[in-house]
Amino acid sequence: RPARLAWRWRTDAWPIANAAFGEKAGDDFSLRLYLMFDYPLDRVPVGQALALRMARALHDPTLPAATLCYVADSRAPAGTLMASPYTSRVQVMVIRSAQQPGPWWNEDRDLEADFQRAFGAEYGAGMPPVAAVALAADTDQSGSRLTSWFSDLRWSTAR
C-alpha cells in the first residue's frame, strides 16, 4: 500500500475569482488532484451513509465515501482544509498557494497524515486503500480559460 504520492503540476493562470474559497460560486481550481478511498460505509455517520447509498443507487454504485482533493489556489493559504461546498464527503486541502502561476511545482504528500487530518476523527487510525486518482482543472463557475499540466505521478511505500 503506498504511503506517499509525489507529482509535478503547473498552470498558466488562476480562475477568475468571482467568489470566496469554499463557496459553490468559487469552486473553480486550475489544479486538482483527487484521491478517492475505498472507505467502508459503516464508518460514515448514519445520515450521510443513507444519502450516499441513495446517490449510489441513483447515479453511480462506485461513488466514493471519502475523497481528498488536493488543490493549488491563490485565495487560501497552504494548509487550509475545508469540506467541499457540495458535500462533506470531499475534503479540499490547499497544498500550494501562490499569487503568480507559471512554474512547475513539485509535491510530495504523506497520504496517511493527510487522510487522518481530513477523515481521521471519523475513520480512526490508519487509512483505507486508495481506490482511484483523478486529475482536473475546473472553471465552470467562472468561465475562465487556462491550461494546466500534471506530470511524473509516483507512488512510494517509503514514509
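Strand E3 (residues 66-72) and strand E5 (residues 90-96) are paired in the parallel sense, with 6 bridges between them. Within this pairing, Met93 in E5 is the bridge partner of Tyr70. The model described here is predicted.

The two strands belong to an open sheet of 5 strands, whose order is E4-E5-E3-E2-E7 and whose pairing is mixed. Its edge strands are strand E4 (81-83) and strand E7 (130-138), each of which pairs on one side only. From one strand to the next, the twist averages 20 degrees. Helix H2 packs on this sheet and touches E2, E3, E4 and E5. The direction of H2 makes about 110 degrees with that of E3.

Thr80 is found in the loop between E3 and E4. Is Thr80 buried or exposed? Its relative accessibility is 18%, and a residue counts as buried under 20%, so Thr80 is buried. A polar atom of the Thr80 side chain lies 2.7 Å from the backbone oxygen of Pro77. Beyond its neighbours within four places in sequence, Thr80 is in contact with Phe21, Val92, Met93, Val94 and Arg117.

An open sheet of 3 strands has the order E6-E1-E8, and its pairing is antiparallel. Strand E6 (105-110) and strand E8 (148-156) are the edge strands, each pairing on one side only. On average, neighbouring strands of this sheet are turned by 20 degrees against each other, direction ignored. Helix H2 (residues 111-123) packs on this sheet as well, touching E1, E6 and E8. Its direction makes about 70 degrees with that of E6.

Which strands does E1 join, and by how many bridges? Strand E1 (residues 4-11) is joined to E6 by 6 bridges, and the two run antiparallel. In that pairing, Leu5 stands opposite Arg109 in E6. E1 is joined to E8 by 7 bridges, again in antiparallel fashion, and Ser148 in E8 is the bridge partner of Thr11. Of the 8 residues of E1, 7 are buried, so the strand is largely enclosed by the rest of the structure.

Arg4 lies in strand E1. Its relative accessible area is 19%, and the limit for a buried residue is under 20%, so Arg4 counts as buried. The side chains of Arg4 and Asp108 are joined by a polar contact of 2.9 Å. Apart from residues up to four places away in sequence, Arg4 touches several residues, including Asp108, Arg109, Asp110 and Leu111, as well as Arg154, Trp155 and Ser156.

Aromatic rings form a further theme. A pair of aromatic rings is described by the distance of the centres and the angle of the planes. The count of aromatic pairs comes to 11. For Tyr39 and Tyr123, the ring centres are 5.3 Å apart and the planes stand at 50 degrees, so the pair is tilted. Tyr39 lies in the loop between strand E2 (29-37) and helix H1 (46-58), whereas Tyr123 lies in helix H2, so the pair ties together parts that are 84 residues apart in sequence. Tyr39 and Tyr123 are both buried. Together with Phe37, Phe115 and Phe119, these two residues form one aromatic cluster.

Charged side chains also meet aromatic rings. The charged end of Arg43 sits over the ring of Tyr123, and Arg8 lies over the face of Trp104. The distances are listed below.

| Arginine | Ring | Distance from ring centre |
|---|---|---|
| Arg8 | Trp104 | 4.3 Å |
| Arg43 | Tyr123 | 4.0 Å |

In review, helix H2 touches E1, E6 and E8 of the sheet of 3 strands, and E2, E3, E4 and E5 of the sheet of 5 strands. Tyr123 of this helix forms a tilted pair with Tyr39, and the charged end of Arg43 sits over its ring.

Conventions. Residues are numbered from 1 along each chain as its sequence is written. This is a predicted model: local features need pLDDT of at least 70, side-chain atom pairs count only at pLDDT 80 or more; totals for chains, interfaces and linings use all residues. Side-chain values use heavy atoms; hydrogens and water are left out. Two strands pair if DSSP finds at least two bridges between them. Helices (H or I, at least four residues) and strands (E, at least two) are DSSP runs, numbered from the N terminus. Axes are lines fitted to C-alpha atoms, for helices over the stretch in contact, and angles run from 0 to 180 degrees between N-to-C directions. Contact means heavy atoms within 4.5 Å. Rings of Phe, Tyr and Trp (its six-membered ring) pair if their centres lie within 6.5 Å; planes under 30 degrees apart count as stacked, over 60 as edge-to-face and the rest as tilted. Buried means under 20% relative accessible area, exposed over 50%, partly exposed in between (1.4 Å probe, protein chains only). A charge sits over a ring if NZ of Lys or CZ of Arg is within 6 Å of the ring centre and within 35 degrees of the ring normal. A polar contact is a pair of N or O atoms within 3.5 Å; within protein, one must be able to donate a hydrogen and the other to accept it, and residues adjacent in sequence count only if both atoms are side-chain atoms.
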